[in-house]
Amino acid sequence: MKPSRNALRFRPLAALAITGAAAISGASALDLDGNSYPDVWEARYHAASLAPAVDTDGDGQSNAAEAIAGTDPRDATSVFTSSIDLNNRTITFTTQPGKKYQLLSATSPDGTWEPSEDPVIATSDSHTLPLPLSGSIGFFRVSVSDHDSDGHGVGDWSERQLSGFDPSS
């Protein structure tokens, strides 16, 4: 599965040039039917029949990428996005409570992607992280994945969608 990217390009500002990219990658802990979609996401968005490579809502992200991000494949406004603030050297991205997000950086788009911060478990609809201070050029990616706080095999995002479930127990 090829990650979906939202590329953001900026002009150099005081000898600082940053290109940002958000990538959706990860895997689901619960996929009993083996079709690469998280079962709870399929049920929540009635998405079992949607082709993974297709972008049903035309928001630029495939149905497979929407499944990983926990977004609605039929709503173009329900999409993973990111933006970079050069003045404050931060990246802000949309989140889904219960999903895990990891900022990655590299010195070139084809370089080795390294974690820039500790992973974050989302508790709100967006999150802001500082950009690494090394170098004048950086490439950034935000990895999205499931997180299972209680270790029961169902991700926190999925448990939040199910009435009566608690991601912490």
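Accessible areas here come from the Shrake-Rupley method with a 1.4 Å probe, and for residues only the protein chains shown count as cover. This is a predicted model, where local features need pLDDT of at least 70, side-chain atom pairs count only at pLDDT 80 or more, and totals for chains, interfaces and linings use all residues. Residues are numbered from 1 along each chain as its sequence is written, and side-chain values use heavy atoms, with hydrogens and water left out.

View 1. Helices (H or I, at least four residues) and strands (E, at least two) are DSSP runs, numbered from the N terminus. Starting at that end, the order is β-β-α-α-β-β-β-β-β-β-β-α. The protein exposes about 8700 Å², and carbon and sulfur atoms supply 52% of that. Of its 169 residues, 44% are buried (under 20% relative accessible area; over 50% is exposed, and in between is partly exposed; 1.4 Å probe, protein chains only).

**View 2. The largest nonpolar core, made of 16 residues.** A nonpolar core is a set of buried Ala, Val, Leu, Ile, Met, Phe, Trp, Tyr and Cys residues joined through side-chain atoms within 4.5 Å. F80, I91, F93, Y101 and V142 touch the most other members. At least two core residues come from each of α2 (63–69), β4 (90–94), β5 (99–106) and β9 (137–146). Strand β9 gives the most, with three. There's also a second, separate core of eight residues, with Y37, V40, Y45 and A47 among them.

**View 3. F80 and F93 as an aromatic pair.** Rings of Phe, Tyr and Trp (its six-membered ring) pair if their centres lie within 6.5 Å; planes under 30 degrees apart count as stacked, over 60 as edge-to-face and the rest as tilted. This one is tilted, at 6.5 Å centre to centre with 40° between the planes. F80 sits in the loop between α2 and β3 (82–85) and F93 in strand β4, so the pair ties together parts 13 residues apart in sequence. F80 is buried, at 2% relative accessible area.

**View 4. Q61, in the loop between α1 (39–45) and α2.** Q61 counts as buried because its relative accessibility is 0%. Its side chain reaches the backbone oxygen of F80 at 2.8 Å.

**View 5. Charges over rings: K99 with W157, and R141 with W113.** A charge sits over a ring if NZ of Lys or CZ of Arg is within 6 Å of the ring centre and within 35 degrees of the ring normal. K99 lies 5.4 Å from the ring centre of W157, while R141 lies 4.1 Å from that of W113.

Notes. A polar contact is a pair of N or O atoms within 3.5 Å; within protein, one must be able to donate a hydrogen and the other to accept it, and residues adjacent in sequence count only if both atoms are side-chain atoms.
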